[in-house]
Amino acid sequence: MVRIQDLTFEEYISEERIFARTSQLAKKINVDFEGKNPIFLGILNGSFMFLSELFKQITIECEVSFLKVSSYENQTSTGKVRELIGLNKSIDNRPVIIVEDIVDTGHTLAFIKDKISSFSPSKVSVMTLLHKVAATKIPHELDYVGFEIDNIFVVGFGLDYNELGRNHRCILAKS
Ligand SMILES: O=P(O)(O)OC[C@H]1O[C@H](OP(=O)(O)OP(=O)(O)O)[C@H](O)[C@@H]1O
């Protein structure tokens, strides 16, 4: 059992299973994108651990870059304003692989895909380590999924609870 602030968590997906699945996904990418020089776009912060493990096993010509979605409360309205930081013309006419740690409601991915499309990538593929299927409000075509998980709160391997717990080597689920 692991305690983070007021919550307790139990191991849900072991480090071994994460590594084995990540290797399978990397092998598939190496085949699917051979000769296509894709750019991996990691979505910060959560994807950093998954992307670094994946990227070590990519053997084709490729690039890596990172994007951050910043959210802040608008001073003049109640709405949340979101902004995508780090996008530039390097994705013009290139195949892009968005790399996420988790697709939960699907709102973040919808926002990212919309912003990216204005840069005219030749193709946009999505890879996510986790997909919380029953929580999804905006369905997406997910090209590479590590694990479909239950509708429970998870931390570890890059995922956080109040910014804590990202450093755990496995995925932990709330008890
Ligand atoms: O499908 P959704 O319901 O939109 O949730 C998924 C998003 O939530 C998390 O990011 P978060 O905004 O918590 O930032 P973080 O990666 O820095 O933890 C996660 O990394 C995804 O980007």
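## A friendly walk through the model

Me: Which residues does Ile-98 touch, not counting residues up to four places away in sequence?
Reply: In this predicted model, Ile-98 belongs to the residues with the most contacts inside the largest nonpolar core. Leaving aside residues up to four places away in sequence, Ile-98 touches Leu-41, Ile-43, Ile-112, Val-124, Val-126 and Met-127.

Me: Nice start! Which element gives the largest share of the largest nonpolar core?
Reply: That core has 33 residues, and those with the most contacts inside it include Leu-41, Phe-50, Ile-97 and Val-99. Its largest share is six residues, and they come from S6. In soluble globular proteins, nonpolar side chains tend to be buried together. The element you asked for is S6.

Me: What do the buried residues of H2 pack against?
Reply: Helix H2 covers 48–55, and its buried residues are Met-49, Phe-50, Leu-51 and Leu-54. Phe-50 is also among the residues with the most contacts inside the largest nonpolar core. The packing partners of the buried H2 residues are helix H1 (15–32), S3, S6 and strand S7 (123–132).

Me: Now to the ligand: which residues are the closest to it?
Reply: The ligand is surrounded by 14 residues. By type, that shell splits into four nonpolar, six polar and four charged residues. The closest ones are Asn-45, Gly-46, Asp-104, Thr-105 and Thr-108.

Me: Which element supplies the largest share of the shell around the ligand?
Reply: Two elements, strand S6 (95–103) and helix H3 (107–117), each supply at least two residues of the shell. The largest share is four residues. That share comes from S6.

Me: Which residue does a cis peptide bond join to Asn-45?
Reply: Asn-45 is one of the closest residues to the ligand, and it lies in the loop between strand S3 (39–44) and helix H2 (48–55). At the cis peptide bond, omega is about 0°. The partner of Asn-45 in that bond is Leu-44.

Me: Gln-5 has a positive phi although it is not a glycine; is Gln-5 buried or exposed?
Reply: Its phi is about 50°, and Gln-5 sits in the loop between strand S1 (2–4) and strand S2 (7–13). Because Gln-5 has 9 C-beta neighbours inside 10 Å, it counts as exposed.

Me: And Asn-162, buried or exposed?
Reply: Asn-162 is not a glycine, yet it has a positive phi of about 50°. Its place is in the loop between strand S9 (154–155) and strand S10 (171–174). Since 10 other C-beta atoms lie within 10 Å, Asn-162 is exposed.

Me: How many helices and strands does the protein chain have?
Reply: Along the sequence, the pattern reads β-β-α-β-α-β-β-β-α-β-β-β-β. The count for the protein chain is three helices and ten strands.

Me: What radius of gyration does the protein chain have?
Reply: The C-alpha atoms fill a box of roughly 50 × 45 × 25 Å along the principal axes. With 175 residues, a compact globule would have a radius of gyration near 16 Å. The protein chain agrees with that, at 16 Å.

Me: Last one: what ipTM does the predictor give the complex?
Reply: For the protein chain, the mean pLDDT is 94, and 95% of its residues reach 70 or more. For the complex, the predictor gives a pTM of 0.96 and an ipTM of 0.99.

Methods: Residues are numbered from 1 along each chain as its sequence is written. This is a predicted model: local features need pLDDT of at least 70, side-chain atom pairs count only at pLDDT 80 or more; totals for chains, interfaces and linings use all residues. A residue is near a molecule or strand if its C-beta atom, placed from the backbone, lies within 6 Å of it. Ala, Val, Leu, Ile, Met, Phe, Trp, Tyr, Cys and Pro count as nonpolar, Asp, Glu, Lys and Arg as charged, and the others, Gly among them, as polar. A residue is buried if 20 or more other C-beta atoms lie within 10 Å of its own, exposed if 12 or fewer, and partly exposed in between; C-beta atoms are placed from the backbone. Two residues are in contact if their C-beta atoms, placed from the backbone, lie within 7 Å. pLDDT is the predictor's confidence in each residue, from 0 to 100. A nonpolar core is a set of buried Ala, Val, Leu, Ile, Met, Phe, Trp, Tyr and Cys residues joined through C-beta atoms within 7 Å. The radius of gyration is taken over C-alpha atoms; the globule rule is 2.2 Å times the number of residues to the power 0.38.
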